[in-house]
Amino acid sequence: MLKNLILFLLLIVVIVSGCSKKNVNENDLMSVIKRDKIIVGVKDDTKPFGYRDKNGNLIGYDIDLAKEIAKGILGSEKKIEFVTVTPSNRIMKLNSGEVDMLISTMSITNQRQQVVDFSIPYYIAGQAIMVNSDSRATTIRDFIGKRMIIVFGSTSERTLRMNVPDVKVIGYKTYPEAYRALKDRKADAMVADDTILLGFTLSDKSVRLLNKRYSKEPYAIAFRKTDASKELQNKVNYILDNMKSSGKLNRLQDKWHIK
């Protein structure tokens, strides 16, 4: 009995060692092709980039872009699995291996480049301020000493601290939560990328955007910062370049009214 147990344990060690070696030698692009499915982290609360329609289906610019990448790598836009992420958990989900990449209105910043790699940009947004329509504010300087809402994990707090150091920052986990807090008068304004805030103003005339933009936010696709992700990153950059040169990226932006 003991001899059989030892032999069984040795067999397990050999199998595990073989699998480990195989995984070490297999890069992320090879894993995607072998799996015949790409797993992408996206948002479901940032209209018109990633959100759910009345039937609960994920739609938006980022969703369409992910499908084009699946088509470019695996030959079909259907060979994709979406995992919903938030600004505060998306890097964790990427680096833990839960997703292959992030297409989630993620701006390139020096801080983020320390922990993830980015594709070439696929869209340029800008930080904007949204207020209730009866607000008299016209610029960011009108909020000195006042309360402004951000979403945790976004670049908005950095924008505020640079422009109004004395502002009182209130953070929320998701954009709908932040939006409801503004509507409930828990703060004087909300700061986020203009394209995200535009989704709220299009369907709600009780909020509006101030005219000025306070940053340039190049959106890019995020990958794990490892050598194993380099081939996948290069393949995605090739697809994005082709989409730009063919005009397909512009047509997607026209479709979702973000040009």
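The points below take up the helix contacts and then the pocket and the cavity.

1. This is a predicted model, and the comments that follow should be read with that in mind.

2. Helix α3, which spans residues 61–74, and helix α9, which spans residues 248–255, have axes that come within 10 Å and cross at roughly 150°. Angles over 145 degrees count as roughly antiparallel, and α3 and α9 are therefore roughly antiparallel to each other. The crossing in which α3 passes α9 is right-handed.

3. On the α3 side of that contact stand Tyr61, Asp64, Leu65 and Glu68, which meet Lys248, Leu249, Leu252, Gln253 and Lys255 of α9. Sorted by class, the residues of the contact of α3 with α9 comprise four nonpolar, one polar and four charged.

4. Helix α8, made of residues 230–246, is a further partner of α3, and the axes of these two helices come within 10 Å while crossing at roughly 110°. An angle from 65 to 115 degrees counts as roughly perpendicular, which is why α3 and α8 are described as roughly perpendicular to each other. Here, too, the crossing is right-handed as α3 passes α8.

5. From α3, the residues that make the contact with α8 are Leu65, Glu68, Ile69, Gly72 and Ile73, while α8 supplies Leu232, Lys235, Val236, Ile239, Leu240 and Met243. In the contact of α3 with α8 there are eight nonpolar, one polar and two charged residues. Leu65 and Glu68 of α3 belong to the contact with α9 and also to the contact with α8.

6. Turning to open space, the largest pocket holds about 240 Å³. Its lining consists of Pro87, Arg90, Ile91, Met106, Thr109, Asn110, Gln111, Arg112, Gly153, Ser154, Thr155 and Arg158, and this lining divides by class into three nonpolar, six polar and three charged residues.

7. How many cavities of 30 Å³ or more are counted? The count comes to one, and the volume of the largest cavity is about 90 Å³. Lining the largest cavity are 15 residues, of which Thr105, Ser154, Thr155, Tyr175 and Asp193 are the closest to its centre.

8. Strand β12, residues 189–193, gives the most to the lining of the largest cavity, with three residues. By class, that lining has four nonpolar, six polar and five charged residues. Ser154 and Thr155 are among the residues that line the largest pocket, and Ser154 and Thr155 are also among those closest to the centre of the largest cavity.

How values were computed:
Residues are numbered from 1 along each chain as its sequence is written. This is a predicted model: local features need pLDDT of at least 70, side-chain atom pairs count only at pLDDT 80 or more; totals for chains, interfaces and linings use all residues. Side-chain values use heavy atoms; hydrogens and water are left out. On a 1 Å grid over the protein atoms alone, a cavity is a set of points where a 1.4 Å probe fits but cannot get out, and a pocket is an open set with protein on both sides within 12 Å along at least five of seven lines; lining residues have an atom within 4 Å of a point. Grid points are joined across faces, edges and corners, and a volume is the space filled by probe spheres set on the points. Ala, Val, Leu, Ile, Met, Phe, Trp, Tyr, Cys and Pro count as nonpolar, Asp, Glu, Lys and Arg as charged, and the others, Gly among them, as polar. Axes are lines fitted to C-alpha atoms, for helices over the stretch in contact, and angles run from 0 to 180 degrees between N-to-C directions. Helices (H or I, at least four residues) and strands (E, at least two) are DSSP runs, numbered from the N terminus. Angles under 35 degrees count as roughly parallel, over 145 as roughly antiparallel, 65 to 115 as roughly perpendicular and the rest as oblique. A crossing is left-handed if the near helix is turned anticlockwise from the far one by less than a right angle, and right-handed if clockwise. Contact means heavy atoms within 4.5 Å.
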